[in-house]
Amino acid sequence: MNRLLLAVFPEPYRSRHGEELLACLSEAYPGRSWPPPKEAAALVRAGVQTRARAVADDPARPWWLDGIQLSALVLAALALVPYLQDVWHWALHIDPGRRAIAFHFSGWYPWAQGPHTQTRLLPYGLLPLVCLIALLRGRPWIALPAAAAMIYAGSTYTSTTLFGDEGRAGLGYYGLGAPLTAHDLVLSGVLCTACAVLAACRPGRLRRHSYRWLVPLVLAMFMAGSLDIVSTSPTFQRGLFGLEVVALFAAWVATAATGDHRWLIPVAAFAFIRTQAIVAHPDGFLRSLPDLVVLFLLVAPLPALAITAQHRQNRALPG
């Protein structure tokens, strides 16, 4: 299990120091396959810092371009999350029956038609999934039409049946903010704009991530599909809330380690989408936490990251 912790570090670092780190852990904690929580957290933080320094020191692409790509990845994941269960069922030909989320559906097959329901061809969640995979692989020209189709599905949600009922009034999730539904054009519009900017750049300037980054996504779809965890359940809400807080903390750790502003861009995009959802749908807010607490958690990371980056840059200046 110690090797699993090393996966947080970039591959070149693991090649040079991986065995040394494993030997140190075995010597410090003999007979244990996993270090104490405090030591594990320290290793994860060191891994995030090492990855952040490697990214910041890479001269192949400007920091703002990396920030836009990260923002697009965050927004694509945000749009996909409510439909993890549905995409899993669709991909494995599983009939969810009465457990289907946010739409009337009698079976997996596209031609299956239940009472008072029109046939759908594809699950709406397939669009942000295609967008996410394409962005991970640095292919925004594939992500762009998927994001544009999300805008189409959202703007025609009162008339289209291509994605079934969920394409018209699909579930959102709360997490840090109000629900984001399939017809939230601010989310899909910002995502489409980011994809268009990335598509206008030379392909070689974009970062290509390994397919291994899809492993957590597959695990999330497996859990949502197998355990029937829908986005309105308290378990789902607590998990997403915790994940979003961890992601914000990781952005702060990366910024503090490098003084780079690229992680401020996805945090700003996330805060903008979340805040506008609260303003646009104040009556749809889950209120699992006080409004001011949620707004503080959304807005506070922005000045915190900016101040942290400036402080780190000032320390790096020669005296």
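This is a predicted model: local features need pLDDT of at least 70, side-chain atom pairs count only at pLDDT 80 or more; totals for chains, interfaces and linings use all residues.
What volume does the second largest pocket have? It comes to about 160 Å³.

**The pocket**

The lining of the second largest pocket is made up of Val 245, Leu 248, Phe 249, Trp 252, Leu 297, Pro 301, Ala 304 and Leu 305. Two elements give two or more residues to this lining: helix H11 (234-258) and helix H14 (301-316). The biggest share comes from H11, which puts in 4 residues.

**The chain as a whole**

Step back and you'll find 14 helices and 0 strands. Reading from the N terminus, the elements go α-α-α-α-α-α-α-α-α-α-α-α-α-α. The chain has 319 residues, and 44% of them are buried. Take the contacts with a separation of 6 or more: 75% of these join residues 24 or more positions apart.

**A look at helix H10**

H10 covers residues 215-226, so to speak a run of 12 residues, and spans 16 Å from first C-alpha to last, close to the 16 Å expected at 1.5 Å a residue. Which residues of H10 are buried? They are Leu 217, Met 221, Ala 224 and Gly 225. Looking down the axis of H10, these buried residues sit within an arc of 95°, so they line one face of the helix. As background, an α-helix has 3.6 residues a turn, so residues three or four places apart point the same way.

What does the buried side of H10 pack against? Its buried residues meet helix H4 (63-80), helix H5 (84-91) and helix H6 (126-136). On the other side of H10, Pro 216 and Leu 219 are exposed. After H10 comes Asp 228, with a positive phi near 55°.

**The cysteines**

How many disulfides are there in this model? The count is 0, taking a disulfide to be two cysteine sulfur atoms within 2.5 Å. Two cysteines show how this works out:

| Cysteine | Nearest cysteine sulfur | Distance |
|---|---|---|
| Cys 192 | Cys 195 | 6.6 Å |
| Cys 195 | Cys 131 | 3.9 Å |

Definitions and conventions
Residues are numbered from 1 along each chain as its sequence is written. Side-chain values use heavy atoms; hydrogens and water are left out. The expected span of a helix is 1.5 Å times one less than its number of residues. Buried means under 20% relative accessible area, exposed over 50%, partly exposed in between (1.4 Å probe, protein chains only). The arc is that of the directions from the helix axis to the C-beta atoms. Contact means heavy atoms within 4.5 Å. On a 1 Å grid over the protein atoms alone, a cavity is a set of points where a 1.4 Å probe fits but cannot get out, and a pocket is an open set with protein on both sides within 12 Å along at least five of seven lines; lining residues have an atom within 4 Å of a point. Grid points are joined across faces, edges and corners, and a volume is the space filled by probe spheres set on the points.
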